[in-house]
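Here is a short tour of one protein model, written for someone who would rather look at the residues than at a method section. Have the viewer open as you read.

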Amino acid sequence: MASIAADFALISSCLDLKRRVFNRPISPLRFGIKTRLNRLVTQALLQEELKNLQKTELGFDVVKEIELRENGFLGTRKTKLVCTVGPSCCSSEELEKLALGGMNVARLNMCHNTRDWHQDVIRKIKKLNQEKGFCVSVMIDTEGSQIHVLDHGSPSSVKAEEGSIWFFTTEKLDGYRPFTVQAYDGFNEGVKEGDELVVDGGMATFEVIEQVGNDLRCKCTDSGLLLPRAKFSFWRKGKLVEKQHELPTFSEKDWSDIEFGISEGVDFIALSFVKDAAAVKHLKDHLFTKNKLVKVLAKIECLESLKKLEEIVEASDGIMVARGDLGVEVPLEQVPTVQEEIVDLCRRLNKPVIIASQLLESMIEYPTPTRAEVADVSEAVRQCADALMLSGESAMGSYGQKAVSVLRMTSARMEQWGREMNQQRILPQIGESLPDQIAEQICNCASEMANKLGVDAILVYTTYGQMASLLSRNRSNSLILAFTNETSTRMALNLQWGVVPIAFDLTDDMDTNIAKTTHLMKERGMMKQGDVILVVSDVIPLLKALDVATVRTGVSRCPVRPAACCRLPKWRAGRHRGCNETACSGACGCLAER
Ligand SMILES: Nc1ncnc2c1ncn2[C@@H]1O[C@H](COP(=O)(O)OP(=O)(O)O)[C@@H](O)[C@H]1O
Ligand SMILES: C=C(OP(=O)(O)O)C(=O)O
Ligand SMILES: [K+]
Ligand SMILES: [Mg+2]
């Protein structure tokens, strides 16, 4: 196997040979898979420059750095973790503990708390990133038409006993009133006597026994707990009673929250209750006019979004399977299959996907998860979702850090099992244009090769994250180290399976990029002798890359040598690029213009 140890004798002889033949330094393949030889040559050429490099020129997340040193490339966790920030974890100390525990993305749910509170949290996270070397991205999650919630006026859960009679009203309650629950104006439109009112997808069930003006009198038919802000829906003969009036995806508050998010420099906006692709495009257009590279995630959490799933996934930069609300509109037993379908579709279309809500719900109150919760988390990891999300567990629970460590350990174990099983999946082609198809093929082949050769890491040099994402899509065993000079790309890649985004000041010269980054990785103890790496890049635009690759083909068959073909390299500024000849020798009989 290749080694990254320097072999100076070999390099020198290569350089000599090269200079003699081409009278110019070797230029290895600008994209594609690097050979050991090329890597060694590049290293030698850049040796002087490398001596002056500062370790800090590599923007590496401190937490990943520790993990990499401890577990090596293969053992480093690939599944990403999103934590909702709330009162339990909003101090700098708590946020730091979550970051150290492996939080990749912090989510702020705009349904709760004040603008100032959110601003304070975002600034604390950015400060921690800057001062302590974390790489935690920030996501805001819009409120949307989040009005399908009940309020019983009590800060804790209230139990509904079977047979008890309850009053569901639009009247504003001032505090707790026994057997009374407040709902939004118009909640009972289209509802008939005999319909079922289901709370939180089945936590408790009521039968509508009487319409009283705008209110409903209901009998509890299946006892259960009503949590604060419980979600509810009406059902008739096993089917959802669809809402009479469609609420817009964006409220005025949502737009103002979005503007706030943009001005605070958030990395993701998760859009609640998306019903079609138009809503996603609307927001993306808005961001485009502001020249903002914020990623838009669509939350799949209502029946309408399932009907238009494919167009929504295509329009978005990523998806959240928001099982909390989804489980209110879809029968609970269908949620697992719907989840798997969404995860599969996202992977087919190359969009990151987050599994959200109730992953470790019992840990809001208890320090240990249930077996069933661990099984649910494992299942999401087995499906190869990009990320797992904590909601109340981190936002308001007492064991947020422990919940993060349960996610971390469970996903690491399941990923290891996945590697042992070596499950491969044939993926459909997604690229439509030739350059996109080429990029895709390179990434597919690199991933396959990485698995077959037992490669430790794939290094990808990327401006907008395209190839890093295509590599991630393959879910290969190797870790993907993505070097980018774009901060927005680095923060966005934080959500992608198996990608470790690293800030680095990329140049147009791939040899320099590779030499410098591998040198720094070694210096920092993250790469060692004997590690096997593959290199892929989209830094040079693909069409050009094709040209460069072709030049490379041509170089080895340069007209200086009689049997060479000069067709592919073309003639540049009247000179052949490979050898400085001013005219084609014609020896090859090629089609080049002469
Ligand atoms: N920023 C916040 N401020 C106060 N409480 C919060 C905040 N974010 C989340 N929470 C609490 O954590 C719970 C779970 O969060 P989440 O699932 O995001 O919200 P929801 O329950 O509204 O869907 C919320 O119901 C709320 O009690
Ligand atoms: C994540 C979800 O959205 P929210 O917490 O904003 O209701 C959900 O419904 O699962
Ligand atoms: K929300
Ligand atoms: Mg929701």
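In this predicted model, helix α11 (residues 323–329) supplies three residues to the shell around ligand 2, the largest share. The residues that surround ligand 2 are N109, C111, D141, S272, E301, A322, R323, G324, D325, A356, S357 and S391. Sorted by class, that shell holds five polar, four charged and three nonpolar residues.

Next, a pair of helices. Helix α5 (residues 92–101) and helix α15 (residues 400–421) have axes that come within 9 Å and cross at roughly 10°. Angles under 35 degrees count as roughly parallel, and α5 and α15 are therefore roughly parallel to each other. On the α5 side the contact is made by K97, L98 and G101, and on the α15 side by G400, Q401, V404, S405 and R408. The contact of α5 with α15 has four polar, two nonpolar and two charged residues.

C384 counts as buried because it has 23 C-beta neighbours inside 10 Å, and the cut-off for buried is 20 or more.

Finally, an unreviewed UniProt entry places the feature "domain: Pyruvate kinase C-terminal" at residues 440–538. In the model, this span is 43% helix and 21% strand, and its end C-alpha atoms lie 11 Å apart.

Methods. Residues are numbered from 1 along each chain as its sequence is written. Chains are lettered from A and ligands numbered from 1 in the order in which they are written. This is a predicted model: local features need pLDDT of at least 70, side-chain atom pairs count only at pLDDT 80 or more; totals for chains, interfaces and linings use all residues. Axes are lines fitted to C-alpha atoms, for helices over the stretch in contact, and angles run from 0 to 180 degrees between N-to-C directions. Helices (H or I, at least four residues) and strands (E, at least two) are DSSP runs, numbered from the N terminus. Angles under 35 degrees count as roughly parallel, over 145 as roughly antiparallel, 65 to 115 as roughly perpendicular and the rest as oblique. Two residues are in contact if their C-beta atoms, placed from the backbone, lie within 7 Å. Ala, Val, Leu, Ile, Met, Phe, Trp, Tyr, Cys and Pro count as nonpolar, Asp, Glu, Lys and Arg as charged, and the others, Gly among them, as polar. UniProt positions are given in the numbering used here, feature names are shortened, and annotations may be inferred rather than shown by experiment. A residue is near a molecule or strand if its C-beta atom, placed from the backbone, lies within 6 Å of it. A residue is buried if 20 or more other C-beta atoms lie within 10 Å of its own, exposed if 12 or fewer, and partly exposed in between; C-beta atoms are placed from the backbone.
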